Amino acid sequence: MKYMMLLAPEDWSAFESRPKAEAEKTFARIAQWWDDHARKGLIVEGHQLQGPETATTVRRRNGKPTVTDGPFIEAKEAVGGYGILEVPDLDAALAIAKSWPGEGTVIELRPVKERDR
Amino acid sequence: MVREEVARLTAAMVRLVGDFDLAEDAVQDALVAALERWPSDGLPQNPVAWLTTTARRKAIDRLRREVRYREKLTLLEESSMPDQSSPDERLGLLFTCCHPALSREVQVALTLRAVIGLTTAEIARAFVAPEATIAQRIVRAKRKIVGARIPFRVPEPEERAERLSEVLAVLYLTFNEGYLATAGEHAARRDLAEDAEWLTSLLADLMPDEPEVLGLLSLMRVHLARHASRIDAGGRLVLLEQQDRTLWDRERIQAAVMLLERAAAMRRPGVFQLQAAIAATHAEAASYEETDWPRILHLYDALDSSAPSPVVMLNRAVALWHVAGPDAALAAVEAIAPDLDRYSLFHATRGELLRALGRDAEARGADKRALALTENPAERELLSRRIGG
């Protein structure tokens with residue numbers, strides 16, 4: 001069963017303005033955590049994303065696509081990264097999400113919809 | 001293959017309950033449930049085991065509804081199926097229904113439906129909610145269980161404590177919903193307390209080494225033992241102080257206290273054991289005046305340090321009243337006023353304290369505020385009497 005793990009800093013501005021040494025330490029811890037899970041095949045893919053200020057949103061209005069600057073959810077809680085988990089059930093996905101090594105990150109788990117056969 | 005399995009299953013059930021009709025009915029019920037659920041939920045990993053468990057559950061449902069089978073019910077609960085190596089699947093079902101990925105109200109509705117076996121209409125009556133709301137809640141929950149694949153099993157030991165606390169919270173809430181209901185129109189809600197007690201006792205049988213399960217069961221039983229004195233002949237709520245203690249079932253109280261002692265001997269204290277100890281201290285007192293208030297105060301302090309909450313502080317203030325007088329208690333109550341401004345019992349307690357201090361006008365004001373905040377008919381009646389008198 002695949003789950004999308006959506007990662008969002010609770011506060012983007014605090015996330016971006018934290019001291020460099022601290023950011024590096026956290027990043028090293030997360031990289032280690034990520035590699036461990038990837039090696040075991042529990043995380044099959046995923047990426048950190050650039051900040052919400054780089055986001056562009058496309059909406060379709062009256063059949064016409066319109067393009068706007070910024071993310072489609074409030075920038076303060078914008079998604080900062082994602083991973084695709086491949087695990088037997090929600091408990092296994094929750095165990096991974098609970099072991100996330102950084103502070104101040106909210107995680108949403110969404111089961112991936114299986115394609116209809 | 002199906003017919004053969006059904007025959008084997010029926011035979012096993014007959015052996016178990018010693019009643020052919022009941023066994024056959026239970027197996028039929030299980031087959032109907034399978035026809036309803038397998039097409040949408042998918043085939044279970046082990047269909048025979050699923051049918052076996054379901055049949056047992058259905059048999060329990062039927063037994064529960066018929067008083068003449070009381071003795072056999074005990075037999076059924078205590079025995080395990082002959083060729084079933086896995087632990088009781090009801091336990092897995094209960095943990096699934098109370099999974100933290102489901103909201104509390106969904107956990108409660110699902111537990112009542114799937115584990116206790118109430119109909120949607122019965123649940124709706126018990127919670128005074130429209131049947132459609134409950135039905136929708138249950139449908140959505142089932143969809144999430146299947147869609148997000150919430151597993152059907154007893155959690156691993158390392159997360160057992162956390163998950164068990166979810167289950168106990170659901171049972172406690174269900175019990176209170178029933179117990180706090182009063183006479184007359186809400187008879188359906190009172191049954192809820194009995195149902196919660198039944199399921200908790202089943203849980204205690206299945207997990208005998210969990211002191212908090214025993215603590216909760218003891219708490220429920222102490223409350224039920226005093227039930228007869230809570231409501232007077234006119235259906236009015238009677239406060240602990242005025243209750244006729246001769247109506248209390250001393251034997252049941254004693255049994256509940258022994259259960260609590262068994263839990264305490266495991267030396268893993270918890271909030272339900274503490275609450276049971278408080279209830280037991282009240283239940284063992286010969287009169288309201290002779291209550292061991294210093295002990296109650298001490299227990300509330302312990303409760304506050306393990307699970308701090310303004311409601312605990314409010315109850316602690318009542319104990320403090322009897323240990324240190326109404327002045328000290330009122331000061332303690334005023335300190336938590338901001339947290340409990342929307343809580344009826346807070347204002348009712350404050351009203352009592354003000355009256356004890358001779359501040360009658362302020363007391364009436366507090367009672368009026370309490371009245372505006374409760375919908376419980378018995379509580380309303382009591383407060384109206386106080387304001388009028």
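A residue is called buried here when its relative accessible area is under 20%, exposed when over 50%, and partly exposed in between (1.4 Å probe, protein chains only). These views show a predicted model, in which local features need pLDDT of at least 70, side-chain atom pairs count only at pLDDT 80 or more, and totals for chains, interfaces and linings use all residues. Residues are numbered from 1 along each chain as its sequence is written, chains are lettered from A and ligands numbered from 1 in the order in which they are written, and side-chain values use heavy atoms, with hydrogens and water left out.

**View 1. The loop around B:Arg267.** Look for B:Arg267 in the loop between α12 (250–264) and α13 (271–284) of chain B; helices (H or I, at least four residues) and strands (E, at least two) are DSSP runs, numbered from the N terminus. B:Arg267 is exposed, at 72% relative accessible area. Its phi is positive, near 55°, although the residue is not a glycine. Most residues other than glycine have a negative phi.

View 2. None of the six residues of β4(A) is buried. Two residues lie between the strands, and in this loop sits A:Asn62. A:Asn62 is another residue with a positive phi, about 50°, and is not a glycine. With 85% relative accessibility, A:Asn62 counts as exposed.

**View 3. Where chain B meets chain A.** The contact (heavy atoms within 4.5 Å) takes 11 residues from chain B and nine from chain A. Together the two chains bury about 790 Å², 48% of it on carbon and sulfur atoms; buried area is the accessible area (1.4 Å probe) that two parts lose on being put together, summed over both. B:Ala148, B:Arg149 and B:Pro151 supply 49% of the area that chain B buries against chain A, more than any other three residues.

**View 4. Salt bridges across the interface.** Four salt bridges link chain B and chain A, each with a side-chain nitrogen of Lys or Arg within 4 Å of a carboxyl oxygen of Asp or Glu. One of them joins B:Arg153 to A:Asp91 (3.6 Å, N to O). On the side of chain B that touches chain A, helix α9 (residues 157–179) gives the most, with three residues.

Terms used: Two strands pair if DSSP finds at least two bridges between them.
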